[in-house]
Each structure stands twice: as C-alpha cells, then as structure tokens.
Amino acid sequence: MVAFTDYGPFDAGVGANRTESWWRDYARNFLTDGVLNGEQNELETFGDSTGLQVKVRSGRIFIRSHWARLASETTLAIDSNTSGNPRIDRVVARVDASNNIVELDVLKGTPAGSPTAPAVATGAGDVWEVSLAQVAVANSASTITAANVTDERIYAMPGGAPNLATRVYRATALACANDTLTDLALGTLDWTDLPGRFHSTSTNTDRLLAPFSGRYALHV
C-alpha cells in the first residue's frame, strides 16, 4: 500500500488541519471562476440614470476556490470625469486572500480619446478579480445610464472545463413564426478566447461553432 502524496480533508493525520492555500488548491477542481448561474439575480450590473453610480443585483460567485454571496442589491459610486476625454471603468468581484475578504469594487480607467478598460488582477499579491461589467464614463457625465454599462459576466463551469466563451447578439428584431425554424444572423459581442473560434461574423453567422469535442453550456 502506498499513500498519495497529499489528501484530505480528514479529522486526523495528513488530511487534518488544512490551510487556506490547501483549500484553494483542492476546491479549484469544483468550478471555474465565474458567477453562479441561476442564483438570485446573477450579480447583474446596471445603470439607471440615478447619478454617478451603478447598481449590482444579488447573486453568488466562485473565484479561485472562494465562494461569495451578495444578499441584496448594492450601489457602487463612479468617480467624476472632468479630464476632457471619455473613460472606461470596470466593475469587478475581488478575492483578497491577504485580507481575507471577497468584495465588489470599481477599477477606474484612464481617460483617453479611445479609452480602454483597466486590466483585472490575476494573482499578484494574492488578489484575483473577475469582471462583471464595463462602465463608459463620458467627460463631465452626471449620471450613468443603462446604455453606459456593458455586461462582462462569465459563468462558473464544472471544474476542469476550459473557461472559454463567446457572447453573440442580434442588432434588430426578427419575427419568428410558431413551430418554424428560423435562422438568426448574429453578431459577436465579445469572447474570452481567440476571436472567431466560437462564432464567425462573416460566414454562417446563424451558427455557433464547437471547435473541439466535449460539453458546452449555452445560456440564452
């Protein structure tokens, strides 16, 4: 008999008294990082023209083996912008392992003629972030509207699944008759993998592509 190098959890022996870092290594096999599908309001982020702020609805998230729940809708302030140029901020969920907290925050972007959203943290200093939305902040903006907020949520998947995704949309309404197959010409909004791998905007635009074998999750 040969024991594994590491194992647990148990109430005695090698598997007992496990640390936070051990748990992160263990629980990373459960789910990939992302919002938990179907839980409350899935941390939807939105603007409603009530001032320089965005609101995040209730939901749950899994980040680097840490679980967190937002029980009710909350409001996040957006800094004013008097730079003369537009700015793009980013709403994130963050795990700060050094300070033992999972929190929501707004990453302030840099104003520019063609601004880009700030990057999320990927582990430096024990901080990991998952983006929930981008927020366009115009010069001298006094409020954040629904159109200023772009959804960037990704959803947690079973552990071991590649965290790759695409989001597609249709820009205009399409009438669909009952019990009739109708092709939908789609445009790609964004992706977390290589552009065009899951959807082409030039060929067979009514189709999503499955580039390799396995299981796929489709959220409508």
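Predicted model: local features only at pLDDT ≥ 70, side-chain atom pairs only at ≥ 80, totals over all residues.
Strand 3 and strand 6 run antiparallel and are joined by four bridges.

- Three strands make up an open sheet in the order 2-3-6, and their pairing is antiparallel.
- Strand 2 (45-46) and strand 6 (74-77) are the edge strands, each pairing on one side only.

**The nonpolar core**
- The largest nonpolar core holds 26 residues, and Val54, Ile61 and Val91 have the most contacts inside it.
- At least two core residues come from each of strand 3 (53-56), strand 4 (59-63), strand 5 (66-70), strand 7 (87-96) and strand 9 (127-137).
- Strand 9 is the biggest contributor to this core, giving six residues.
- As general background, nonpolar side chains in soluble globular proteins tend to be buried together.

**Val54 and its neighbours**
- Leaving aside residues up to four places away in sequence, Val54 touches Thr45, Phe46, Thr74, Thr75, Leu76, Ile78, Val91, Val135, Ile144 and Val149.
- Val91, one of the residues touched by Val54, is also among those with the most contacts inside the core.

**A nonpolar patch on the surface**
- Phe4, Tyr7, Phe10 and Val14 form a nonpolar surface patch, and together they have about 460 Å² of accessible area.

Notes. Residues numbered from 1 in each chain as written. Heavy atoms only, no water. Core = buried A, V, L, I, M, F, W, Y, C linked by side-chain atoms within 4.5 Å. Buried < 20%, exposed > 50% of the residue type's maximum accessible area, 1.4 Å probe, protein only. Contact = heavy atoms within 4.5 Å. Patch = residues over 30% accessible without salt bridge, like charges linked within 9 Å, V, L, I, M, F, W, Y side chains within 5 Å. Areas by Shrake-Rupley, 256 points an atom, 1.4 Å probe, with all protein chains shown as cover. Salt bridge = Lys/Arg side-chain N within 4 Å of Asp/Glu carboxyl O. Pairing = 2+ DSSP bridges.
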